[in-house]
Amino acid sequence: MSSLTDVPLSVLDLAPVSSGSDAATALRNTVDLARHADRLGYHRYWLAEHHNMPGIASSATAVLIGHVATATERIRVGSGGVMLPNHAPLVVAEQFGTLEAFHPGRIDLGIGRAPGTDPRTAHALRGSAGLGAEDFPQRLAELIAYFEPDPDRAVNAYPAQGLRPPVWLLGSSGYSAQLAGMLGLPFSFAHHFAAENTVPAVRLYRESFRPSAVLDEPYVLLGAAVICAEDDERARWLAGPSALSFLSLRKGRPIPLPSPEEAAEYPYTDLDRAFVEERLASSIVGSPETVRKGLDALLADTDADEIMVTTMVHGHADRVRSCELVAELAGR
């Protein structure tokens, strides 16, 4: 059984836009946090694609990956992920082949099946192209094929040929888990917002796994919501904004990431409070010792090969400090 000191530790970033701030500041904070993560010994730094959300600035994911990779030296940088139904596979191949050319051996291409947004915005992204999730396996195969030369193919992603970064499948249910296993690809599960599906999906991935040219054995990365502070009380105070932000999203009213004071003053109903408590229960929030116990328990339940922490707090200094404390726990 693995513990936190035995597995690679990585970061998932959504470039959170805090209330009273703006997207430009959020993007600068992302680059700053990436530099800290690089210095602290984190293994990867992934950016997530979301659209039409006032609290998230990582929409132009490939562009942001390029900036982060340029600003760092060692850490792997990638997508967590690119939502393939929103994009033509040719465009994704061209973008990530270019990134791999500029930063050889440091780029990851994580692919998701969800839209990462609401239906109206998904339609705006896709236009009349008719893109959708129903043909995801075929579009994934098309994307991967563009990284290899094919003299019989009429359309080619020339910047991408021979420059394929590692491809990951991301998921929050059994669908991508099973597909990743069948294709022999590494699998990243979104424990941070689908904790109830974590253990079944990881089990299904391992049961479905077939060795491939890229992997001999299954490889599981878990995304976990983690907020670490000097003590439990401080950490829970910092966690309030994330819970309120998620509650607002579920109600169809996404907002910038509120301050802890705004979260504390919000007029929660009984149902709201139950949702917030459920959300916090699936997160790992507390002092270093509390976070250590929580992450070790998650590893014990899943035997994951890697942990990727995402920390949605209002203050940038608090996010950096959480990153530092978790790195210390892992012996980095």
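Predicted model: local features only at pLDDT ≥ 70, side-chain atom pairs only at ≥ 80, totals over all residues.
**Close-up views of helix packing and nonpolar cores**

View 1. Residues are numbered from 1 along each chain as its sequence is written, and side-chain values use heavy atoms, leaving out hydrogens and water. Helix α1 (residues 23-40) packs against helix α2 (residues 61-71) at about 40°, with the axes 9 Å apart. Look for Leu-27, Thr-30, Val-31, Ala-34 and Arg-35 of α1 meeting Leu-64, Val-68 and Ala-71 of α2 (contact means heavy atoms within 4.5 Å). This contact comprises 6 nonpolar, 1 polar and 1 charged residues.

**View 2. Helices α1 and α12 run roughly parallel to each other**. Their axes come within 10 Å and cross at roughly 15°, α12 spanning residues 316-329. Among the residues that meet here are Asn-29, His-36 and Leu-40 in α1 and His-316, Cys-323 and Ala-327 in α12. By class, the contact of α1 with α12 has 6 nonpolar, 4 polar and 4 charged residues.

**View 3. Tyr-42 sits in the largest nonpolar core**. That core (buried nonpolar residues joined through side-chain atoms within 4.5 Å; buried means under 20% relative accessible area, with a 1.4 Å probe and protein chains only) has 74 residues, and Tyr-42, Phe-96 and Ile-111 have the most contacts inside it. Not counting residues up to four places away in sequence, Tyr-42 touches residues including Leu-9, Ala-37, Ile-75 and Val-326. Apart from this core lies another, of 16 residues, including Phe-246 and Tyr-268.

Conventions: Axes fitted to C-alpha atoms, helices over the stretch in contact; angles between N-to-C directions. Helix = DSSP H or I, 4+ residues; strand = E, 2+ residues; numbered from the N terminus. Nonpolar A, V, L, I, M, F, W, Y, C, P; charged D, E, K, R; others polar. Buried < 20%, exposed > 50% of the residue type's maximum accessible area, 1.4 Å probe, protein only. Parallel < 35°, antiparallel > 145°, perpendicular 65-115°, else oblique.
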